[in-house]
Amino acid sequence: MAKTSAQFICSACGAVHRKWSGRCDACGAWNTIIEEAPLSAGPASRTLGAAKGKVITLTTLATQETPPPRALSGMAEFDRVLGGGLVPASAILVGGDPGIGKSTLLLQAVAAFARKGLKCLYISGEEAAEQVRMRARRLGLADAPVGLGAETNLRDILTTMDSERPDLVVIDSIQTVWADMVEAAPGSVSQVRAAAHELVTFAKTRGVSVVLVGHVTKEGQLAGPRVVEHMVDTVLYFEGERGHQFRILRAVKNRFGPASEIGVFEMTGAGLAEVANPSALFLSERGEAAPGSAVFAGIEGTRPVLTEIQALVAPSTLASPRRTVVGLDSGRISTILAVLESRCGIPFTGLDVFLNVAGGMKVSEPAADLAAAAALLSAREDVALPADMVIFGEISLSAALRPVGQAENRLKEAAKLGFTQAIAPRGTKVEGGGGMRLRKLPDLVTFVGDMFGAG
């Protein structure tokens with residue numbers, strides 16, 4: 001006879017029986033035993049079978065809960081990227097190129113949280129404890145009440161966390177941690193997945209905030225399985241060019257705050273210093289008006305940031321002219337060049353094009369299209385744009401200018417830095433632009449005609 005996975009339950013007392021009968025042996029009630037369908041069909045070794053779990057307590061969408069309390073470190077830029085402070089029992093993943101300053105930033109942050117009263121641990125898997133102490137002395141953090149340990153065994157790390165009951169733990173890095181129940185080398189996909197899962201689960205169940213440092217691949221993506229980024233609450237990227245002193249901490253995922261928020265730091269001999277006004281910093285080296293330069297009023301997260309887009313157009317001696325783009329999407333720049341040639345009749349054939357965002361900043365929003373086109377045209381025509389002008393707007397394939405969001409915030413930031421005029425798409429909605437002269441243009445052809453006398 002075929003085996004059935006159904007079970008029989010007494011509706012009076014809840015006793016489980018292997019088969020139906022008229023009287024319950026547990027409570028003695030008659031005709032109370034009913035057949036109950038299993039959770040899933042199939043063998044118990046491969047499916048959930050007949051065994052049931054506990055019922056989840058459900059709430060409604062209208063249920064209001066108190067927002068989780070946040071702990072502030074006192075580092076305004078770091079707190080901004082976290083969404084307004086550190087949320088208890090949160091898991092944070094920080095990635096960045098080797099030597100960019102991840103360990104320096106997190107040591108400064110954990111020391112700041114410890115001085116605010118949080119119990120903090122710093123577990124180093126890549127450096128010896130004495131190396132971390134040397135860095136702390138160089139940064140002036142030797143007196144911070146931070147518990148320091150050098151360990152890579154996951155079981156020992158979790159045991160220490162369970163014993164110490166800290167508020168915040170930094171694991172530097174997750175690729176060096178190994179779990180003894182996984183038969184794989186440290187840093188492998190299975191080890192990283194298992195270690196991250198155990199640490200995140202511990203953080204959620206014990207109310208401990210965990211910061212995991214992750215390596216990056218040659219493409220700049222976080223190494224290891226993609227599922228690690230789904231496990232954690234916040235994913236931060238620490239960006240910057242080695243030739244520049246600027247460092248940008250960017251949130252690409254945040255369950256407790258806005259994504260794409262940035263914090264700007266400056267690398268100094270005493271560590272990473274916060275930059276309260278990044279627009280002034282990125283434009284600090286900008287001299288007199290010169291051909292090929294345009295100032296873009298952008299938005300990074302909730303913050304307006306002004307950056308300088310630089311272009312150089314020169315005759316090419318190659319059969320295929322070079323297109324070198326730094327800090328912008330090369331695909332969008334190719335599209336802009338095609339629109340300029342097709343819709344505006346301005347060819348770039350036989351010309352090398354070099355485009356750069358000053359200061360090592362990376363701009364990804366489409367609102368930079370018009371500023372990039374202005375810099376390219378200025379370099380090609382050898383005509384300098386006004387030094388007190390900012391430009392923003394998206395270019396469509398028909399050469400029409402599309403409006404972008406938060407135009408008022410862009411203009412206010414520009415006015416604060418001394419700019420007096422701006423160019424934006426015609427559909428831009430602005431209630432108050434800080435007294436700036438705003439010119440709204442319908443398409444790229446009109447822009448070319450007004451600014452360079454051709455179209």
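Modeller: Before we start, a residue is called buried when its relative accessible area is under 20%, and please keep in mind that this is a predicted model.

Biologist: Fine, so is Phe 78 buried or exposed?

Modeller: Phe 78 has a relative accessible area of 6%, which is under 20%, so Phe 78 is buried.

Biologist: And how many aromatic pairs are there?

Modeller: The count comes to three aromatic pairs. In one of them, the ring centres of Phe 78 and Phe 113 are 6.4 Å apart and the planes meet at 70°, so this pair is edge-to-face.

Biologist: Where do those two sit in the chain?

Modeller: Phe 78 belongs to helix α1 (residues 76-81) and Phe 113 to helix α2 (residues 102-115), so the pair links distant parts of the chain, 35 residues apart. Phe 113 is buried as well, at 1% relative accessibility.

Biologist: What about Phe 447 and Phe 452?

Modeller: Their ring centres lie 6.3 Å apart with the planes at 80°, so that pair is also edge-to-face, and both Phe 447 and Phe 452 are buried.

Biologist: Changing topic, how many residues of α2 are buried?

Modeller: In α2, 13 of the 14 residues are buried, which leaves the helix mostly covered. Gly 117, with a positive phi near 110°, follows α2.

Biologist: Last one, which charged residue sits over the ring of Phe 392?

Modeller: That is Arg 410, whose charged end is 5.6 Å from the ring centre of Phe 392, while Arg 380 lies over the face of Phe 348, 5.7 Å from the centre of that ring.

Note on methods
Residues are numbered from 1 along each chain as its sequence is written. This is a predicted model: local features need pLDDT of at least 70, side-chain atom pairs count only at pLDDT 80 or more; totals for chains, interfaces and linings use all residues. Side-chain values use heavy atoms; hydrogens and water are left out. Rings of Phe, Tyr and Trp (its six-membered ring) pair if their centres lie within 6.5 Å; planes under 30 degrees apart count as stacked, over 60 as edge-to-face and the rest as tilted. Helices (H or I, at least four residues) and strands (E, at least two) are DSSP runs, numbered from the N terminus. Buried means under 20% relative accessible area, exposed over 50%, partly exposed in between (1.4 Å probe, protein chains only). A charge sits over a ring if NZ of Lys or CZ of Arg is within 6 Å of the ring centre and within 35 degrees of the ring normal.
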